[in-house]
Amino acid sequence: ERAGFHHWSSSPEDDKAAAIISLNFIVPKKEINMVPDMGKWKRSQAYADYIGFILTLNEAVKGKKLTCEYKVSETVEKLLSLLNTLDRWIDETPPMDQPSRFGNKAFRTWYAKLEQEAEALVSTVIPSSVRAAAPEIAVYLKESVGNSTRIDYGTGHEAAFAAFLCCLCKIGALRVDDQLAIIFKVFDRYLQVMRKLQKTYRMEPAGSQGVWGLDDFQFLPFIWGSSQLIDHPTLEPRHFVEEKIVNEHHQDYMFLECIKFINEMKTGPFAEHSNQLWNISAVPTWSKVNQGLIRMYKAECLEKFPVIQHFKFGSLLPIQPVKP
């Protein structure tokens, strides 16, 4: 049931265990340098924990609305305030006048601020007993907002944010009863900030497959968002291409939030600008959509060298193989 992610702590006693590992945190680094290294990734503890984390959360949000009741812990509140800070910095860093429409260079100014402050921001979120983990975990936060050289954003950056949250679970800062808030509060707020970044600085899609990809920028909200809709009494996959339905229900469902953003950003027939999603709207049930998206995520993101070559490994997400 836990889908291979066994690091949820449920009580403060677990913090003692976390404090012990605080002795050997390391700054994560790249390990997948050539295509043959991909086997090392697939066998790694990092891969098992990452996919287990994604699937555990997929299970947690099944059939639940964004607006449902759930616990909001102090750590979650602190994460929201961290994301609000990133949002405020966008307001303080307006796009520059420049000849090229895409890739506004003001993004680099915004990013420099994050690079400078990331460790301090992470320190505000984690318990003082594991303060030593801040440099390790901050790396994933810095990787999660796009690339400052290319001024692009893609599923590898999104994966870094999921890895960031996964690390917070492993050190016991986020707990098992935070699962709904992790997606509905923290990840949802992260998406809002990323959309604002993408729009404000006209970021390029990283490694986009264009019309053949699922979405220019995100993947995970489609997985978790389709899980939310499993066994919905009236909404079926065929409905999400209808703008009226999207506008009526997007506050409750992450999947529809994503569709709404696509509708705002793209012009022309849906079938043309978002062919993969159009195909998905023909799948009969949300449960089938969800399973298909998980398979697609593994194949299109987690098993693609151009995405995974940027993934960083440390003590919390180790490259070492899973222990038998």
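Is P127 buried, exposed or partly exposed? Select P127 first: its relative accessible area is 25%, so P127 is partly exposed (buried means under 20% relative accessible area, exposed over 50%, and partly exposed in between, with a 1.4 Å probe and protein chains only). The model is predicted, so local features need pLDDT of at least 70 and side-chain atom pairs count only at pLDDT 80 or more, whereas totals for chains, interfaces and linings use all residues. Residues are numbered from 1 along each chain as its sequence is written, and side-chain values use heavy atoms, with hydrogens and water left out.

P127 belongs to the loop between α5 (106-125) and α6 (134-143); helices (H or I, at least four residues) and strands (E, at least two) are DSSP runs, numbered from the N terminus.

Next, select helix α3, residues 45-60. Its 16 residues reach 22 Å from first C-alpha to last, close to the expected 22 Å, where the expected span is 1.5 Å times one less than the number of residues. Of these 16 residues, 13 are buried. Within α3, pick N58, which is buried at 4% relative accessibility. Leaving aside neighbours within four places in sequence, N58 is in contact (heavy atoms within 4.5 Å) with I223, W224, S227, N290 and I294.

Turn now to the salt bridges, of which the structure holds 20; each is a side-chain nitrogen of Lys or Arg within 4 Å of a carboxyl oxygen of Asp or Glu. Show E303 and K42, whose side chains meet at 3.4 Å, N to O. E303 lies in the loop between α14 (286-302) and α15 (305-308) and K42 in helix α2 (residues 38-43), so the pair ties together parts that are 261 residues apart in sequence.

Move on to D91 and K196, a salt bridge with its closest N and O atoms 2.9 Å apart. Because D91 lies in helix α4 (residues 74-92) and K196 in helix α8 (residues 179-200), this pair ties together parts 105 residues apart in sequence. D91 is exposed at 53%, while K196 is partly exposed at 25%.

A further salt bridge is that of R150 with D152, at 3.0 Å between the closest N and O atoms. Here R150 is partly exposed at 43% and D152 is buried at 7%. To finish, display D87, D91, R189 and K196 together: salt bridges that share partners join these residues into one network.
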